[in-house]
Amino acid sequence: MTFQETPETVVEALQHALVGDDLPDSFTLLGREWSLHRGVFPSTLSAATEVLASMVPYPEGGSFLEVGCGTGVISVTAALHGCAAVTALDINDKAVANTIANAQRHGVSDRVRVLHSDMYTALVPTDRFDTIFWNVPWTYVEDDFALSTDLHSAVFDPGYRGQARYLAGAHEHLADGGRLLLGTADLGDRERLDALAEESGMRVELLRRVRRIEEVRVMEYHLLELHGK
């Protein structure tokens, strides 16, 4: 089942992340301490980062690309789980700095490259990865919805245009036999995602689902894999 989440509800949560003077400059997740920069979507605002970081099948000894790295928890975790080379991308320059800080904090700067990028734009054609992953902004809004702050792009994907670009451009950067993964939740519009996958010549497989009790409701997080037909 797909649940609906209003943009107003999400904006209320974001306001505190934008202006809350009481926000700490670090947080604990997955048994580690992480730096948090103001203007970056907090990885503990929901359980999504924790759950998905625990579900992703990291290619040990291989290469891993994360789109929308935020605080860098998943990219750094990929390096800590044995990935030989990790590339982290984010459109928010504050998130880029935050991920760099956390890669340094956990001693994996030599394996984590962080780039300011709108989707794949900062990559070169020779950049190929064994696994590509994005914890997508699943809250659906119409095409004309204005992304008025850096944080809005972390939770809103107007018309799912971002997810369409993610699917369409992935083949240029997947290594032979590589895996294309997507993290979402039951708040997302699965029918729309399936249609986008169809347009890109793909099908969607649900790899795992995890339910977590959160402040407002029980959330169900999904790890999806996209396959070519």
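I started with C69: its relative accessibility is 5%, so I put it down as buried, the cut-off being under 20%. A note to myself before going on: this is a predicted model.

Next I looked up C83. Its relative accessibility is 1%, so C83 goes down as buried too.

With cysteines on the page, I checked for disulfides. A disulfide is a covalent bond between the sulfur atoms of two cysteines. I looked for cysteine sulfur atoms within 2.5 Å of each other, and the count came to zero.

Then I turned to helix 4, residues 93–105.

Which residues of helix 4 are buried? I wrote down A95, V96, N98, T99, A101, N102 and A103. I also wanted to know what covers them, and my list includes strand 2 (32–35), helix 3 (73–80), strand 4 (85–90) and strand 5 (112–116).

Just past the end of helix 4 I stopped at G107, where phi is positive, about 70 degrees.

Last entry: aromatic rings. I got a count of three aromatic pairs. I also noted one aromatic cluster, formed by Y120, W134 and Y166.

Note on methods:
Residues numbered from 1 in each chain as written. Predicted model: local features only at pLDDT ≥ 70, side-chain atom pairs only at ≥ 80, totals over all residues. Heavy atoms only, no water. Buried < 20%, exposed > 50% of the residue type's maximum accessible area, 1.4 Å probe, protein only. Helix = DSSP H or I, 4+ residues; strand = E, 2+ residues; numbered from the N terminus. Contact = heavy atoms within 4.5 Å. Phe/Tyr/Trp six-rings, centres within 6.5 Å; stacked < 30°, edge-to-face > 60°.
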